[in-house]
Amino acid sequence: MLISLHGLVIECTTASAALEAQLVRPFGLFLAQAGTPEVRITIVETAPPYDRFPQLEASFSTPRNIVYDTLEFKVVDYFGKGATVEDKTRRSFTIYGKDGNFLQEAFYLLVLSIFGQYCDRHGMLRVHAMALSYADKAILMPIPPGGGKSTMAVAMLQEDGFRLISDDEPIVSRSGAILPFALRIGTLDKSKTEAIPAEFVYSIDRMEFGLKYFIDVRYWESRLEQRALEDVIYMAARRVLNGTPSIRAIPKRRVLKSLFRDSIIGVGLYQGLEFMFSHSVWSNVRQLATLARRSRVAWKMLRRARVYEFILSGDVGENRRILGEFARGLDRPAPERPGS
């Protein structure tokens, strides 16, 4: 099975067709029939063969794993639950594990981590934001983790004219355009999936974060954005308690902190398995060349963007109404002034 992510082709191999279908399920819009793989991932449904691993010294550990690193190999051990082995000379990975939940989570996060490295090499940028399109405009809305990106995305897909670019991670091209990257929409609240046909819903019991429910984006197949969009609306979001939602234009300097946090650093984007490639999560930040490339792309996006602040209330319906009215009013001509 081949996954093609904006030029990166990854080959997935496993002995079980049923497991393979579950592994690639979030990447359904990016499955390919042909292509030359840059990376190969093999999934093996057995316990890690620790006795066959080379003798390695631990490089560092995290609450979920221990990392062993050499020039040729890197092993990430999930405390016996499973392991991921990278063969650096062959640009290949093997994921070992007997638990289906672990294998799905490890594969998904590994693919995102590899894609993140690819973006850095090719001058693209990941942004931790909910992204929609409306009338050929991309609307990016960075919201802190747990702030309701998925809830807002699902609500806006009920509004005429809105399409989904990404629930969590839109991509910015080298020129500053927004690329679609719709994978899945997740929620901790099972009741939010009850109106969705069962064939589009699945769950994963994640390693340290517990059970989460996911909706295939193909449920909204006619509402998925497939194009790169040049017209960008960057909308910094703030949530208030007992407040009234509103949207207002603000100077671009007001979103520099958000832009740095949500794209240049990538806080909120999954970084954990990037231990596969570096000695610490923050080593990516210390690599000044990478930081400079990300900053250039972010600045190109911001230069072309119109910038707003969105005050979000706890009322999803009101937030939806305000954003809908805002989007529909973007291209309306300004009213004439009295006496003009």
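**Close-up views of a predicted model**

View 1. The structure you are looking at is a predicted model. Strand S8 (residues 82–87) and strand S9 (residues 92–97) are antiparallel partners, and 6 bridges link them.

**View 2. An open sheet of 9 strands.** Now step back to the sheet that holds S8 and S9. Follow the strands across in the order S3-S1-S2-S4-S9-S8-S7-S6-S5, and you will find an open sheet with mixed pairing. Which strands stand at the edges? They are S3 (31–32) and S5 (58–61); each has a single partner strand, so one side of each has no neighbour in the sheet. As a rule to keep in mind while you look, side chains in a regular strand alternate between the two faces of the sheet.

**View 3. Helix H3, mostly covered.** How many of the 8 residues of helix H3 (residues 149–156) are buried? The count is 6, so this helix is mostly covered, where buried means under 20% relative accessible area. The buried residues are Lys149, Ser150, Met152, Ala153, Ala155 and Met156. They pack against strands S11 (130–134), S13 (162–166), S16 (184–187) and S21 (306–312), and against helix H7 (316–329).

**View 4. Strands S11 and S13 side by side.** Two of the strands that H3 packs against are also partners of one another. S11 and S13 run antiparallel and are joined by 4 bridges. Look for leucine 132, whose bridge partner in S13 is leucine 164. S13 is mostly covered too, with 4 of its 5 residues buried.

**View 5. Helices H4 and H6 cross.** The axes of helix H4 (residues 256–265) and helix H6 (residues 288–304) come within 10 Å of each other and cross at roughly 130°. This angle makes H4 oblique to H6, and the crossing is right-handed. On the H4 side, the contact is made by Leu256, Leu259, Ser263, Ile264 and Ile265; on the H6 side, by Leu291, Arg294, Ser295, Ala298, Met301 and Leu302. Sorted by type, the contact residues are 8 nonpolar, 2 polar and 1 charged.

Technical notes: Residues are numbered from 1 along each chain as its sequence is written. This is a predicted model: local features need pLDDT of at least 70, side-chain atom pairs count only at pLDDT 80 or more; totals for chains, interfaces and linings use all residues. Side-chain values use heavy atoms; hydrogens and water are left out. Axes are lines fitted to C-alpha atoms, for helices over the stretch in contact, and angles run from 0 to 180 degrees between N-to-C directions. Angles under 35 degrees count as roughly parallel, over 145 as roughly antiparallel, 65 to 115 as roughly perpendicular and the rest as oblique. A crossing is left-handed if the near helix is turned anticlockwise from the far one by less than a right angle, and right-handed if clockwise. Contact means heavy atoms within 4.5 Å. Ala, Val, Leu, Ile, Met, Phe, Trp, Tyr, Cys and Pro count as nonpolar, Asp, Glu, Lys and Arg as charged, and the others, Gly among them, as polar. Two strands pair if DSSP finds at least two bridges between them. Buried means under 20% relative accessible area, exposed over 50%, partly exposed in between (1.4 Å probe, protein chains only).
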